[in-house]
Amino acid sequence: MTAPSRPEAILDFWRAVEFFSPQTVPKANPAARAEPVEVLREDALLPWEEGHRWARRPRPPGTANRFTVYCGIYSLSNVSTVLESVLGKDPESADERMDGESCLFALLVTRDGRPLLESITLSSCAWAVSRTRQPGPRSRNWLEGFEEEAERIVGQVKARLAPDEDDERARELAEKSFPVGRPLTLQDLQDATRIVAESLGVNQMLRPSEIRARCGLVSSRRPYSIDDNDFLNSFFLRDLRKVSEQVRRGNVGQGLRDYLTPEMGVDVSRRIDVRERLDVLFEQLAPNLFPQGRWPSKGHHPLVFSQQFAVNTALPSLSEAGLFAVNGPPGTGKTTLLRDLVAAIVVERAKRLANLKAPADAFTGKLNWKTGKFTRAVATWRGDLQGFEIVVASANNGAVENVTRQIPGRDAIDESWRREADYFAEYGTRILGEEAWAMIAARLGNKSNRADFLSRFWHPEDQEEEGQTKRDPARPPKPEDGFRKLLEHLQGETISWAGAVKRFRAALNAEARIREERQHIHDLFGELRDLQGKLDIAPGVETTAAALLEQCYQEQRAVQETLEQALVQVRTAQDRHESHLKTKPNWLEILFSLGGVSRTWRAREQELSQEVGQAETRAQQLRATHADATRKAERAERELQLHREEKRQWAGRLREAQNELTQARERVQNIPSLATWATDEEARELSAPWTDREWNDARAQVFLEALRLHKAFLAANAETMRRSLHAATDVLSGSVPDSAPSEAVRAAWTALFFVIPVISTTFASFDRLFSHLGREALGYLLIDEAGQAIPQAAAGALWRSKRAIVVGDPMQLEPVVTIPLTAQQALRRHFNVGELWLPSETSAQQLADRVSLYGTNVPTQETSLWVGSPLRVHRRCDQPMFNISNQIAYDGMMVFGTSPESTLDLPESCWIDVHASEAEGHFILAEGEVARQLIRNLEVQGVNKASIFVISPFRAVVRELTRILPDVRVGTVHTTQGKESDVVILVLGGNPSRAGAKTWASQHPNLLNVAVSRAKHRLYVIGNREDWQKYQFFSVLARQLPLFRN
């Protein structure tokens, strides 16, 4: 048996994969409209030089030219060759090659041709290739020491590109903390490339060649700023190393420990299939498990069955720590679910606040650090007020943006609640950039996002540092003044903390009264079940009791008869004994017989006396036996009567409970019907158990009062919170000194999460955003689109989080892994880990799913896949898109719940059949022309171009469609996950002479599933139906869509 994979070995394996998985550099494309990419040549102007067409090109107002230069371009196929030659090739894996190119190092160049010296980035992949040859994988330090070596080599490059001593402009910028080099020539870049190649010793292995520059734009206000995201190497290298070291020390929390559970460590016998165990679902949907707060949703719609089950189960399961997985197919309300989770967490923190005697009691002390000449004072928090931080993370930028917009956005709550929902809405609008109902979420992540957030939230960019401006008490601050000004203004305000607590507790009490009524009704179901169960077995119990009584009577009668016989025997023995006593010999008889008669008489007397004793003893024993039999019969009779009385009482209580339930159904909506649950799966999934309008509104009111209590707390502690939030701005701007106490940094984060409960980021930016935080420092991690995340992407986030809820769908787009399977297998064998951990074979979602207690099995092509608690009601697509998706990816598990829309006066969804033999790569011109004509026809029929999305599986097709359809949204299927549109046009493409592309597109259902499920109302497929319908999944598409011959 293969030994289980050790957690630290898994992390080391993933880190090695990331070393050999650099970001690819763009291909040369000087004709591109947005960001042309040029090969730098000796016979041509450099893009930043005067006279170059990019320098002459008009720029949008407020922007400046910026260039990304890639030096020493090499093919990633060379990396694969080196790995296979050293580590060996897996004979069972397909012969894949690494696609794309990378470079030895990259840097940013300003509009005047100066390198931003702090942007110079050495290729970790090139370094790892060098280390693979020497010292080689057998060395314990094979992939250790990159940071130190990168510092040394980058130092050499900086020295080569450094400004001249008399360069005044460079000196001015250096004084402003913007170190730059001299204006670059091609020779400078070539020399720097040679230095790097020779230092690494990779000229023969990688054969680096040309230098490219990508032309782009930045804000003219920050022409020398550098984002903190690595634009060349893996985003996860540094964090994987850190987490691996901590795991080796045993410093690992429950969430990451569960995530890295060894292969044989998952006890599948404990799994609870939620499609089969309705008894478990009924108990998990008990009213007393519903969170006290809920989202004030648009239309007052409650969560449906599977959504509410996930919420009710996840929060108690994670009361201490751990991992919970939710399977969320497209259109099943993942964002709706996340909103209710947010509401529940905010309410729980508010309950802790309400228990404070005074608002200031939330703090336990104060810690300081120095930022430049300013001292930051951070208030430390009570332990019971930490652990409520909510981070939404994803590998998908679009998912992060969507969640951050859909939580605070104006349409996120029902219009009827907007007047009551008073939580810094104007400030939320400023942060969001569009109308918001509350300041409840913010998108952070990379340095650019953080800077934008700070300028919108805390203070405008031109506002001076703390202590250098004075508040005008006569004028209430406006959102554009920044939240800092509001807190300064609130310092002089009188706040009724007791009043806010009283209102919050009143809302809790009102909700509790409604909850208790519903819980009583829920308990009635259990009582009815128990009563009916007792009555069902009562006849059998009665029959058994009656039989036992009759048996007792029979035993009693038998003993009575035997006793009577024994008494006769006693009397007979006594009579014989008395008769013998009368025959006692006299003295004369004794004399004449010399005593013989006396001896004979005494012997007989003793014999008869003994017979009397024996008879009496037996009779006494039978009397006792008879008494026992009598008592036993009496007991059996009492038990039979008691059972008959209990049966009568049960029947009576059953009728009472049934009447109570009947009356409750007249009074309370959405009381479950267990009979319907058992027989009508669709009706069950569409139901919203217990959550009628009255209770929904009461729970929403609790959430809104919780926000008001937070607001009152801020006002009551305005100065303390202002100072802590100012410290938090240091954290976000990257100006926290290394000497800052870790507890102080965590307290600053707690303050920010207190004001803005939800912060979102991509995994790529997670470790830089939360670099100062340690194990389980964050309360809740909500991972969105986890099926699209490589497993190693989530490791650092899970390590820093106490509780994680992982939401995604393994049947949508899979993670993109650049390193081929053969190379992954070679690295896996080296680190002695199982195939389960291969990034190209799993995802963050699947690793979370496999350890999930609650879930179900979804059939796949090979076997079945266990997925976490499934969301099953689909509310996005009309037919036939729903049926197509449900059939190819979910084995019919999803339930159609899309609300009927007004009838669209458009042609029905169809397959527009296009036969053409001419193609440019995978783009077929005839299909492009059909798409253009179709869009014209749709416009004539009143369809706005903004509601049309044109997609294709292939990048080459998208490039050409973007050219011929300049005013329409166009993208690959891979860029559309998380998006939707009224009308989707799927242009299939695929070179008619090369079948490989169609085979690739149909290898799994994921790609087609995502493509189809983007369309809300109409799907038009353009392509050769005869060719495509031969391939799996596309055959279903062909059967479901009517044919339209072009």
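This tour goes through the model one selection at a time, saying what is found at each stop.

Before selecting anything, note that this is a predicted model, in which local features need pLDDT of at least 70, side-chain atom pairs count only at pLDDT 80 or more, and totals for chains, interfaces and linings use all residues. Residues are numbered from 1 along each chain as its sequence is written, and side-chain values use heavy atoms, with hydrogens and water left out.

**Colouring by confidence**

Colour the chain by pLDDT, the predictor's confidence in each residue, from 0 to 100; the chain averages 91, and 97% of the residues score at least 70. Helices (H or I, at least four residues) and strands (E, at least two) are DSSP runs, numbered from the N terminus. Confidence is lowest in helix 19 (residues 587-592), with a mean of 81, and highest in helix 27 (residues 795-800), at 98. Select residues 462-469 as well, where pLDDT stays under 50 and the model has 19 contacts beyond four places in sequence, a contact being heavy atoms within 4.5 Å.

Two strands pair if DSSP finds at least two bridges between them, and strand 3 (residues 101-109) is joined to strand 4 by 2 bridges, with Ala106 having Thr121 as its bridge partner.

**A hairpin**

Move on to strand 8 (residues 363-371) and strand 9, which pair in the antiparallel sense over 8 bridges, Leu367 standing opposite Val378. The two strands form a hairpin with 2 residues between them, and Gly372 in the turn has a positive phi of about 60°. In strand 9 (residues 374-381), 7 of its 8 residues are buried, where buried means under 20% relative accessible area, exposed over 50%, and partly exposed in between (1.4 Å probe, protein chains only).

Select helix 16 (residues 447-457), whose buried residues are Asn449, Arg450, Phe453, Leu454, Ser455 and Phe457. Among the elements that cover these residues are helix 15 (425-432), strand 11 (441-443) and helix 24 (718-733).

**An annotated stretch**

Now select residues 605-667, which UniProt lists in an unreviewed entry as "coiled-coil region"; its positions are given in the numbering used here, feature names are shortened, and annotations may be inferred rather than shown by experiment. Over this stretch the chain is 100% helix and 0% strand, and the end C-alpha atoms are 91 Å apart.

Finally, select the 6 strands that form an open sheet in the order 21-20-22-23-19-24, with parallel pairing. Its edge strands are strand 21 (969-972) and strand 24 (1043-1045), each of which pairs on one side only. Within the sheet, 4 bridges join strand 19 (residues 910-913) to strand 23 (residues 1015-1023), and Cys910 stands opposite Tyr1020. Helix 31 (residues 925-940) lies across strand 19, strand 20 (948-952), strand 22 (981-987) and strand 23, running at about 145° to strand 23; axes are lines fitted to C-alpha atoms, for helices over the stretch in contact, and angles run from 0 to 180 degrees between N-to-C directions.
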